[in-house]
Amino acid sequence: MRVFVAGGAGAVGRRLVPRLVARGHRVTATATRGKALDVLARWGARGVLMDGLDAVSVGTAVGAARPDAIVHGMTAAGIAFPAEPALGRTDHLLAAAQAVGVRHVVAWSLPPSAGTPPRALRRLAYLEDAVVEAGGAVLRCGTLHGSGRGRVRFDDVASAALLAVEQGAAGVFRVRGDEERPT
C-alpha cells in the first residue's frame, strides 16, 4: 500500500514510518525542515518538505505521492496544543485526499476532559468530525508521552495507526497504553 504520513518526522511519525516500511508499505513522509529528510530516507521512506498551512504545498505533496491512505500526524493539528491553524491543516489534507481519490485517512486526537477549554474542545471536535465524515479513523490517545505510567506512549499510537491503516478502520477509537490505568 502507498501511505502518506503528514508529520512523518514527528514524535509518533518517527515510530510509525519504520513500522510501515517494515510491513512492506511504500511510504512518503513529510517534514517541515530539510535535515529531517535524511532521517526519513534512512527509515526507508521518501521524504518531502511540506507546509501544512499552505493548501498548494499539501496538494502538491499528496498529488505526487498518489497514496492509498493518509495519516494525519502533524503535531500542530490540534493534538497537544489546539490552534486555529490546525483547522487549516486538516482541511488542506482532506481536500488533497479527496482531489486524488484517497478514501482512507487516519488521525489522532485527545479525548475531552473536564479541564479542556471550550475552544480546544471545538477544535478537537472539528478534527474528529472532519476525518470521520471523510470516512477515516480517529484515534483518541489521552496524554501522549514517550513512556511512563498512566499515559499513552508514542509507540502505542504508532501501533494503533498502523492497524487503522492496514485494516481500513473508520470511526473513533480509544487508544490505551499497556500501562494506562482505568479512570
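Predicted model: local features only at pLDDT ≥ 70, side-chain atom pairs only at ≥ 80, totals over all residues.
1. Residues are numbered from 1 along each chain as its sequence is written, and side-chain values use heavy atoms, with hydrogens and water left out.

2. An open sheet of 7 strands has the order 3-2-1-4-5-6-9 with parallel pairing, where strands (E, at least two residues) and helices (H or I, at least four) are DSSP runs numbered from the N terminus, and two strands pair if DSSP finds at least two bridges between them. Strand 3 (46-49) and strand 9 (171-174) stand at the edges with a single partner strand each, so one side of each has no neighbour in the sheet. On average, neighbouring strands are turned by 20° against each other, direction ignored; axes are lines fitted to C-alpha atoms, for helices over the stretch in contact, and angles run from 0 to 180 degrees between N-to-C directions.

3. Strand 4 (residues 69-72) is joined in parallel to strand 1 (residues 2-6) by 4 bridges, with Ala-6 opposite His-72, and it also pairs in the parallel sense with strand 5 (residues 104-109) over 4 bridges, where Val-105 is the bridge partner of Ile-70. Both faces of strand 4 are covered, since Ala-69 and Val-71 on one side and Ile-70 and His-72 on the other are all buried (under 20% relative accessible area with a 1.4 Å probe, protein chains only; exposed is over 50% and partly exposed lies in between).

4. Helix 2 lies across strand 2 and strand 3, running at about 160° to strand 2, whereas helix 5 (residues 118-133) lies across strand 4, strand 5, strand 6 and strand 9, at about 160° to strand 5.

5. Ala-29 lies in strand 2 (residues 26-31) and counts as buried because its relative accessibility is 0%. Leaving aside neighbours within four places in sequence, Ala-29 is in contact (heavy atoms within 4.5 Å) with residues including Val-5, Gly-8, Val-17 and Leu-40.
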